[in-house]
Amino acid sequence: MALLQISEPGLSADPHQHRLAVGIDLGTTNSLVATVRNAQTEVLADHDGKKLLPSVVRYMPDETVVVGEEARAAASDDAQNTIVSVKRFVGRAQADIEHHGNLPYQFTNDAGMLRIKTRAGEKSPVEVSAEILKTLAARAEETLGGELVGAVITVPAYFDDAQRQATKDAARLAGLNVLRLLNEPTAAALAYGLDEGAEGLYVIYDLGGGTFDVSILRLTKGVFEVLATGGDSALGGDDFDHRLFCWARHEAKIDAILSADDKRRLLMAARQAKEDLSQSESASLKTSLSDGTVIDLTVTREIFKSITCHLVKKTIDTLEAVMHDAKLNRDEIQGLVLVGGSTRMPVIREAIKDYLGFAPLDNINPDEVVAVGAAKQANMLAGNTTGDDDWLLLDVTPLSLGLETMGGLVEKVIPRNTPIPVAMAQEFTTFKDGQTAMAIHVVQGEREIVDACRSLARFELRGLPALVAGAARIRVTFTVDADGLLSVTARETQTGVEASVTVKPSYGLTDEEIVRMLQEGTGSAEEDMRLRALREEEVEARRLIESTVSALASDADLLSEDEQNTIRTLITQLLAAIERHELDEIKRIEEQLTTETESFAERRMDRAIAQALSGKSIDEI
Amino acid sequence: MAQKDYFELLNQPRRYAVDFVSLEAAKTKLLARLHPDRFVSASALEKRIAQQLTVQVNEAYATLADDLKRAQYLCKLAGLDVNARKAMPPEFLMRQMMWHEALEAAQESDNETLRGELGYKVKAEREALLAALTQAFDETSDMTRAYELTRELMFIEKLASQI
């Protein structure tokens, strides 16, 4: 592959051309890719007809990478180099990883960034995730016979900003254009709502391999609105495995430190036993360690229930808290939808039934529903739908966002469950006389103390006017976009001094590293960089031209004759610059055209608002 | 871009009494048209404007749909700052004190019935305030009264959250 290609969405002579877009469920245990083809949503299978791709990545001695079932099968023979459940490490620091003593990996900390030591070097969870995404993208392109225009990638609703950014970076590394990061429960609700024609208040209870989300949505005709969401991004089926792992060690009296391979063996046996218990009252937990020790235990549903009851209770407590946030009673809920393989466990279903007073719905495939929802959204965002039946997904930010203030406290700027996109501002002032700079520390979480929250970014606002303490007025604006990603600006209102930061996690890859990896992937250097930049700029320029042309076709009456002529001239010039592939020229004219069409765009939006409210079409106004 | 006031944006009459159904419908109609998901393939300019407008619609709805925020907003539109440290009438301060005492009593006694009773009283007080606010804003256009009532509502909401 010579160059990473970026398709040009939205630019097609044929309005009926179907754009290839997919939904990807990047799960802890299994990943899937789905698409809408011939008005049907399909989960795509591999050559063996298997739809689920185990989220396992193995770095081989011959420097190749194996992803999926093959890697999983060899996991206990080469545990250190076979990364299982990488989603648990994405956007995290080493200190965040629980049970890491039970895991067969050697973690390192590189300037706060988590890395896993493998024979292929120290790998970032972002890189490992990218391998899974690459495999799925390849599967899709092969099956569909063309290049993907983009993908909707799902993330747990409770993923924080660092975990979301890291996921987006993994997609970038895999060469995917991310149309939207979509919350998993919302994706499931979309699939369920569209396929079942459901309306009313629904709870989505999503327990996966490593993450837990509860979302409450109001489903009405064409609108999917999240009312509240909660969860735990470090709670899932794997934790139930770990309980059995510890129980087995205790029962079999194994005190010695286990090798990496043995840890993996025992974890896999524990998982198997757990899964078997979903079908029968008792199961066998059996494995042989490398020193010949045989572990042969029988675990019953009762034992399993007692050793995992605190985990189950955590999920029910979260469900209760989310219902409280949404200000709803149990009798107002239409139904609870189960999502994620771990909801197959009888202990979960019983606990839910006990709490709700009625049985959860399980008439959908808990493994596929998230990918299906993501595929439907991808199909719409890529522009394949007519617009008449388009739905609206209204999501919320799951965790409060705030700033550190004096004394190590947190001042919340955006509370959790606020509908996104959102922008909120808060005014702060200086502490000392003559203070000319302010350190802004952005955090995420519900606690009042800064140390108990997730640190997202730090930056400084310099050049403040030297005033008496408390006199300066610094306005800090938090903006969360539709992907749930945060950006922050700080502005001293009297002088206009400004600073901003795109919130980038400390627990991922730096932009430089990503660029370097992309270059390494294509095997070339600077040449590719420039071509890539040129290509991206051309895509953006064409978008601007297309939207301006279509705007002139429908709303030219909002412009004077002179304004129209100026714009048309610039369009011609821009097209010429694109033909000549002159990057600087393209940028320059693009900027001019943007400036020229800015107020036109605003006027058109005003008109669109009026149209939307009156429900009339443009012809009628 | 000139920022519309929230009532204008959501096509609602500038009043305290609100038609929640109409408000919700307006929000949905606007979001269906302006949401960033409708501009995934659009130019950077359009994306930016779409996001700004969507943010405004969300903000407008959150303000107008909440009884307290709506009252505060109407005060703001009339040039009155509800956060100003303005002296309140003595009867208001007296009532505040009584409410504080009742809250303390309920909290100290650990008596569920007492808490329940206080909860009911607060709820009733809230209802009365909402009715009075509607009258002050919409019927008599008495902004001084409306301002005082808004301050009272702020106090009651805070109290309610502590029960």
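## A buried loop residue

With 22 C-beta neighbours inside 10 Å, Leu103(A) counts as buried; a residue is buried if 20 or more other C-beta atoms lie within 10 Å of its own, exposed if 12 or fewer, and partly exposed in between, with C-beta atoms placed from the backbone. Leu103(A) sits in the loop between β7 (82–84) and β8 (107–110) of chain A. Helices (H or I, at least four residues) and strands (E, at least two) are DSSP runs, numbered from the N terminus. Leu103(A) and His242(A) are 139 residues apart in sequence, and their C-alpha atoms are 9.7 Å apart in space.

This is a predicted model, in which local features need pLDDT of at least 70 and side-chain atom pairs count only at pLDDT 80 or more, while totals for chains, interfaces and linings use all residues. Residues are numbered from 1 along each chain as its sequence is written, and chains are lettered from A and ligands numbered from 1 in the order in which they are written.

## An exposed loop residue

Gly434(A) is placed in the loop between β24 and β25 (438–444) of chain A. Gly434(A) counts as exposed because it has 11 C-beta neighbours inside 10 Å.

## The nonpolar core

The largest nonpolar core has 191 residues. Such a core is a set of buried Ala, Val, Leu, Ile, Met, Phe, Trp, Tyr and Cys residues joined through C-beta atoms within 7 Å. Leu133(A) and Ala151(A) have the most contacts inside it. Leaving aside neighbours within four places in sequence, the contacts of Leu133(A) include Ile24(A), Leu26(A) and Ala170(A); two residues are in contact if their C-beta atoms, placed from the backbone, lie within 7 Å.

## Helix packing in chain A

Helix α7 (residues 301–325) and helix α8 (residues 346–356) of chain A cross at roughly 50°, and their axes come within 9 Å. Axes are lines fitted to C-alpha atoms, for helices over the stretch in contact, and angles run from 0 to 180 degrees between N-to-C directions. α7(A) and α8(A) are therefore oblique to each other; angles under 35 degrees count as roughly parallel, over 145 as roughly antiparallel, 65 to 115 as roughly perpendicular and the rest as oblique.

Among the residues making the contact are Phe304(A) and Val312(A) of α7(A), and Ile348(A) and Tyr355(A) of α8(A). By class, the contact has 9 nonpolar, 1 polar and 2 charged residues. Here Ala, Val, Leu, Ile, Met, Phe, Trp, Tyr, Cys and Pro count as nonpolar, Asp, Glu, Lys and Arg as charged, and the others, Gly among them, as polar.

## Helix packing in chain B

In chain B, helix α4 (residues 67–77) packs on helix α7 (residues 143–162) at an angle of about 150°, with the axes 10 Å apart. That makes α4(B) roughly antiparallel to α7(B). The contact involves residues including Leu68(B) and Cys75(B) of α4(B), and Tyr147(B) and Met154(B) of α7(B). Its residues divide into 7 nonpolar, 2 polar and 1 charged.

## Where the chains meet

The contact between the chains takes 30 residues from chain A and 25 residues from chain B. On the side of chain A that touches chain B, α13(A) gives the largest share, 10 residues. By class, this side of chain A has 19 nonpolar, 5 polar and 6 charged residues.

Val40(B) is in the loop between α2 (20–34) and α3 (44–65) of chain B. Val40(B) is buried, with 21 other C-beta atoms within 10 Å. Not counting residues up to four places away in sequence, Val40(B) touches Leu179(A) and Leu381(A).
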